[in-house]
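Please look over the sequence and the model before reading on. The paragraphs below go from a loop to the overall layout, and then to the packing of the helices.

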Amino acid sequence: MGTKLKMVWWKVPLYCVAAGWLCFKLKVHFLGRFALVTLPDGTITPDNTKWLIMDAVLFCAVIIVGGLLFFRRMYRKEVFLSSSVMVGLNVVLGLIAYQTQGMFAVYWSEFSEWDSFVVQALYQLNVNEWVSAVVVWALPYLFVLFGRKDGKQ
């Protein structure tokens, strides 16, 4: 199993980045318009409730699709290893984005858009930003729940 563990480390990071990019594009180009409202003075603004619902649906879709289509055939140990790589990337790139506050932060937020529902929900609950960051960085571990139990041959 050791060799196989080395071969799967990239699966969760690739899925999370691809899902983040896809969620970003869907929100900007297609779904976002359903969360916009026109005020009586003609101003267009997002409806926070609709936006949160849209984010929740996308988040659940990413978790379910990833879990059932991509990680169900992997052992939990393999999914955990791959998720740990993504968590490490989240921590490092999240701290870099926080420190730089520039274009890198914008680009990284585009690629990590799949988890924005949790960010928004924790913000609405007034959770400390660092506690929120740790929770969001650890979200890839949710995929471990979909992995197979280790088979003992």
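In which loop does glutamine 101 lie? In this predicted model, glutamine 101 sits in the loop between H4 and helix H5 (103-111). Its phi is near 50°, a positive value in a residue other than glycine. Most residues other than glycine have a negative phi. Glutamine 101 counts as exposed, because its relative accessibility is 57% and the cut-off for exposed is over 50%. Asparagine 126, in the loop between H6 and H7, also has a positive phi, near 60°. With a relative accessible area of 69%, asparagine 126 is exposed.

From the N terminus on, the order of elements is α-α-β-β-α-α-α-α-α. The C-alpha atoms fill a box of roughly 70 × 35 × 25 Å along the principal axes. Of the 153 residues in the chain, 33% are buried. Among contacts with a separation of 6 or more, 78% are between residues 24 or more positions apart.

The largest nonpolar core has 24 residues, and those with the most contacts inside it are Val12, Val62, Phe71, Val79, Trp114 and Phe143. Two or more core residues come from each of helix H2 (11-29), helix H3 (48-70), helix H4 (76-100) and helix H6 (116-124). Valine 12 can be followed through its contacts: leaving out residues up to four places away in sequence, it touches Phe71, Val79, Ser82, Ser83, Met86, Pro140 and Phe143.

Val12 is also part of the contact between H2 and H4, where Lys11, Val12, Pro13, Cys16 and Val17 in H2 meet Val79, Ser82, Ser83, Val85, Met86 and Leu89 in H4. Two packed helices are described by the angle between their axes and the distance between the axes. For H2 and H4, the axes come within 7 Å and cross at roughly 55°. H2 and H4 are therefore oblique to each other.

Which residues of helix H7 (residues 129-137) are buried? They are Ser132, Ala133, Val136 and Trp137. Seen down the axis of H7, these buried residues fall within an arc of 130°, so they line one face of the helix. An α-helix has 3.6 residues a turn, so residues three or four places apart point the same way. The cover over the buried residues of H7 includes H4 and H6. At the start of H7, a side-chain oxygen of asparagine 128 comes to within 2.7 Å of the backbone nitrogen of tryptophan 130.

Methods:
Residues numbered from 1 in each chain as written. Predicted model: local features only at pLDDT ≥ 70, side-chain atom pairs only at ≥ 80, totals over all residues. Heavy atoms only, no water. Core = buried A, V, L, I, M, F, W, Y, C linked by side-chain atoms within 4.5 Å. Buried < 20%, exposed > 50% of the residue type's maximum accessible area, 1.4 Å probe, protein only. Helix = DSSP H or I, 4+ residues; strand = E, 2+ residues; numbered from the N terminus. Contact = heavy atoms within 4.5 Å. Arc of directions from axis to C-beta. Polar contact = N/O pair within 3.5 Å; in protein donor to acceptor, adjacent residues only side chain to side chain. Axes fitted to C-alpha atoms, helices over the stretch in contact; angles between N-to-C directions. Parallel < 35°, antiparallel > 145°, perpendicular 65-115°, else oblique.
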